[in-house]
Every structure is written in structure tokens, then in C-alpha cells.
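Please look through the structure before reading on. The numbered points below are meant to be checked against it one at a time.

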Amino acid sequence: MSTVNPPVVFTQDELGWVSWIDPLPEAELTERHFAGLVDRSRAKSEYFRLLVRDPEVLEARTKTDKDIFYNTADGLPRAERELAAAATSRYNGCIYCASVHARFASTYSRRRDDVQRLLDEGVGIDLGARWNAVVRASVALAATPVAFGPDNVAELRRAGLDDAEIVDVINSASFFNWANRLMLSLGEPSK
Amino acid sequence: MMSTTDIIDTLAGIEPGSPLDAIRARRLQARDNAQKSYLALFEPIDAVEFSLVERAAVAAFVTGLHGESPVAAFYREKLAAGAAALVEAVNAEIAQGKTTGPYGAFPPGPLSAEDETGLIYRVGADRKPALGARLAAALEHAHLLVFRPRDAASADMKALRSAGWSDTGIVTLSQLIAFLSFQLRVVSGLRTLRAASA
């Protein structure tokens, strides 16, 4: 096993991820597994070769993920979906997930410094009305019990989001409560 | 039997032809695959590594830990239908495990200032016989993932293995807990939005 060098701060740098249990060897993957991977290139990823131990769940999870984040024909801009993912990951404490989605949020918003402040200072910082509303909604959704309420909806509406965009916030933030728990509990990030 | 009704729409009270139904239809692949995720977890083609009763018990526990809701009631009924004798035991564990999250420790360093302590839930020795070793270990792991996922460590894999979980079973167990964390929040968010639009 390679040496793990875990990051101790949130970062937008590219991180590796090391599984705590054995992924399936690439040579053992069957067509059922490739269907689960959705993209054949994901066979190169330790994380996806681990999750492909249950290919039906992985396939459905992957297709849910792709539509929530990549279907930008309408609804919330990609940058703010990624912001919801990054804020959720920051709050739950997933350094790996936060690194990936903070990078995406920076790329699509061109607000790299603001995204870095979210990582450095946490979810309580002031990022302007619209981003504050998205971050607060994401944090409220991530809390257990769920704390998302009418005040969050009202704040998102005041910030200019319509109901379809609010559903995109709900989907994006909720999805990262799924993703964070897998990445945090089946392995760890490494620099 | 395959379920045909969309479970998120049902639990969120979204009626066909309503405004939220139309909005949900704009993310059809996500809607369909959230449903397929539910089916793959609760009506799997292969339940050898993680039995249907165990799945229902973990689901009732995870959703119950989030407080009473239509989602919690749904999985409690699923457990009652599959293993009525376990409902009382799982309800007792929910009562023992309820708290607020997320909390836990970050890797030692600058983030340690944000560490928060909280309940480290364990099934009591007197209650283990009613659940069995596998399910007791699964509930402890589920509580970890629900409330303090950042505390998860490789030792937790060993605890599950010692209780009889295979590596593939651990992956499906993790997916089930994590998926429910998603499903429950989508339902909660949609219900809130629906109420705010009435």
C-alpha cells in the first residue's frame, strides 16, 4: 500500500484518494461492472472500482449525479450547483469532495478567492446575498435533523432564485450528503 | 414486484401535473435514477451480502435518527412488514442514538479548532442479542456516518468485518446509509418548498 499523506486543511489543490478496502482489480471487471461504471474510463479510478462492487447502485448513483450537476439546459448555473456541493462538503468535513467541487465552483464562477475564503474560514463567511443564500440553504440541508425551512426558501427567493433553481440547490446539496459519506468512510484523501 | 411509483414524489407529496412535478421533470434522469438507486438498494437482484431485513432495519434506524417524518414512517413500515419483531429494538436504538450533527474531529492541524465532540453511539451489551452482531455493528456504523462522518477511520472497516460483513457488503451498506441521507433531504427540501408555494 502506498504511503498516505493526508491533507490537514481544505484546499483547491488536486488530491488523491486511497481506499481502505480492496477495489475490484481492473482485470476482473465484467460487462455488468462496466455498466455500473457508466464511463469505461472510470475503471482507472480506485474509488469507482471500489463502488462497483455493487454495480447497480453505482450506475444509478452516477446517473443521478450527472443530471443534477451537468444538466444545465435550464435552472441554476453550474457555478452555484458546485458552490452548494463545496459548502456541503466544507460543513460535513469532506476535504476531498470540497477540493474537487471548490475547483469547479472557481472555474465556473471565476470567483476563486471567494471560494478559497469559504474553504479557509468556513460556511459562516459573507459572500454576497446570492451565494450566502445558497451556502446557508446547503448547510441547513446538511444538518441532522434537517434544518432547511421556509426562511431558507424565502432567502433564496429574495436572492433571485426561482423554484426550479431552488430545486437545483436542494438536489445539489442533498447529493453531497450522499457523496461526502462515501468518500469519508471508505477511504481517505492523500496529497 | 417492481415499484412503479416514484418514492421521492410520493413522500414529498408531489402530485402529477403540479408545478413541482413539472420542475422535477426537467431533471428526469436524476429523478429516474434516484428511484433506480432506491430499487437497487431495497429490491436488489442479489441480497446475499446484505439481507433485505438488514437493509430495512438500517433504513428505519437512519431515517428515524433524523426525527419523525414521512420518510421515517415509510422505512419503519418496511421493517414492520419484513421483520415486525425488530421494530421495537430499532426504535429503542433510535431513542438511544438521537442527537444533532454533523460533529467530529478533523485531521490534527489547523482545523482541529473546529473539532466538535458528541455522542459516540454503541449498542449496549444487553440489547445486542435482539439485533445480532451484524446488525448491531451496522447500526453503530450508520450512526457514525449520519452524525460524524468525518470521524470515520479504517478501523471502522475492521469492526464491520469482525462482525461478519464482507467488503462488498460494506460497500452496499455504506451506499444505503449515504443514499438515505440524500433521499431524506430531497424529500424534506421539496416538502418545504411545496409548503412555501401553497
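1. Start with Val58(B). Apart from residues up to four places away in sequence, Val58(B) touches Ala138(B), Leu139(B), Ala142(B), Leu173(B), Leu176(B) and Ile177(B). Keep in mind that this is a predicted model.

2. What is Val58(B) part of? The largest nonpolar core has 115 residues, and Val58(B), Phe61(B) and Ile177(B) are the ones that touch the most other members. Helix H9 of chain B, residues 167-196, gives the most to this core, with 14 residues.

3. Next, the contact between the chains. Chain A puts 49 residues into the contact and chain B puts in 58 residues. On the side of chain A that touches chain B, at least two residues each come from helix H2 (46-51), helix H3 (55-70), H4, helix H7 (129-142), helix H8 (150-158) and H9 of chain A. H9(A) gives the most to that side, with 15 residues. By type, the residues of this side of chain A are 27 nonpolar, 12 polar and 10 charged.

4. The same check can be made on helix H5 of chain A, residues 95-109. At 1.5 Å a residue, its 15 residues should span 21 Å; the end C-alpha atoms of H5(A) are 20 Å apart, which agrees.

5. Which residues of H5(A) are buried? They are Ile95(A), Tyr96(A), Cys97(A), Ala98(A), Ser99(A), Val100(A), His101(A), Ala102(A), Ala105(A) and Ser106(A). The cover over the buried residues of H5(A) includes strand S1 (16-19), helix H4 (78-92), helix H6 (112-121), helix H9 (163-185) and strand S2 (187-190) of chain A. As background, an α-helix has 3.6 residues a turn, so residues three or four places apart point the same way.

6. H5(A) is followed by Arg110(A), which sits in the loop between H5 and H6 of chain A. Arg110(A) is not a glycine, yet its phi is positive, about 60°. Is Arg110(A) buried or exposed? Arg110(A) counts as exposed because it has 9 C-beta neighbours inside 10 Å, and the cut-off for exposed is 12 or fewer.

7. Val38(A) also has a positive phi, near 65°, and is a residue other than glycine. Val38(A) belongs to the loop between helix H1 (31-37) and H2 of chain A. With 18 other C-beta atoms within 10 Å, Val38(A) is partly exposed.

8. Thr11(A) is in the segment before S1 of chain A. Thr11(A) is partly exposed, as 19 other C-beta atoms lie within 10 Å; a buried residue would need 20 or more. Neighbours within four places in sequence aside, Thr11(A) is in contact with Ser99(A) and Leu119(A). Between Thr11(A) and Asn180(A), 169 residues apart along the chain, the C-alpha separation is 16 Å.

9. One joins Thr144(A) and Pro145(A), with omega about -5°; Pro145(A) is in the loop between H7 and H8 of chain A. Another runs from Gly101(B) to Pro102(B), with omega near 5°. Pro102(B) is placed in the loop between helix H5 (70-97) and helix H6 (128-131) of chain B.

Key: Residues are numbered from 1 along each chain as its sequence is written. Chains are lettered from A and ligands numbered from 1 in the order in which they are written. This is a predicted model: local features need pLDDT of at least 70, side-chain atom pairs count only at pLDDT 80 or more; totals for chains, interfaces and linings use all residues. Helices (H or I, at least four residues) and strands (E, at least two) are DSSP runs, numbered from the N terminus. The expected span of a helix is 1.5 Å times one less than its number of residues. Two residues are in contact if their C-beta atoms, placed from the backbone, lie within 7 Å. A nonpolar core is a set of buried Ala, Val, Leu, Ile, Met, Phe, Trp, Tyr and Cys residues joined through C-beta atoms within 7 Å. Ala, Val, Leu, Ile, Met, Phe, Trp, Tyr, Cys and Pro count as nonpolar, Asp, Glu, Lys and Arg as charged, and the others, Gly among them, as polar.
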